[in-house]
Amino acid sequence: MQLGTLDLKSGTWLAVNCGKFPSEKNCQLVIMAPEHQRADLVEAACAHAIKVHGHADTPQLRQELGNVLETVQL
């Protein structure tokens, strides 16, 4: 994965890619965070799922989002 000039610190990052899931909006949003900020990433992904895609804020949604995180080495 080439990230251009984002100047991200090297290490292990986690990402959630909305484009991997079917949606009427054809959403392509990708959200990333350093591995130690996993909870923040799940929170941001949950907020996006609720606001943009109309999901309900449930523990199940948060668990599912946590399960689909991808590891990215920079």
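I began with the sheet: it is open, with 3 strands in the order β2-β1-β3 and antiparallel pairing. Two strands count as paired if DSSP finds at least two bridges between them. The edge strands, β2 (30-34) and β3 (70-73), each pair on one side only. Strands are DSSP runs of E with at least two residues, helices runs of H or I with at least four, and both are numbered from the N terminus.

I noted that the model is predicted: local features need pLDDT of at least 70 and side-chain atom pairs 80 or more, while totals for chains, interfaces and linings use all residues. Residues are numbered from 1 along each chain as its sequence is written, and side-chain values use heavy atoms, without hydrogens and water.

I then looked up strand β1 (residues 12-17), which 5 bridges join to β2. A15 stands opposite M32 in β2.

Next I turned to H48, which lies in helix α1 (residues 38-53). H48 is buried at 15% relative accessible area; buried means under 20%, exposed over 50%, and partly exposed in between (1.4 Å probe, protein chains only).

Finally I looked up the salt bridges, of which the structure holds 3. The term requires a side-chain nitrogen of Lys or Arg within 4 Å of a carboxyl oxygen of Asp or Glu. K20 and E70 form one, with the closest N and O atoms 2.8 Å apart. K20 is in the loop between β1 and β2, and E70 is in strand β3, 50 residues apart. K20 is exposed at 52%, whereas E70 is partly exposed at 29%. R62 forms a salt bridge with E43 (2.7 Å, N to O), and D57 forms one with R62 at 3.0 Å. Shared partners join E43, D57 and R62 into one network.
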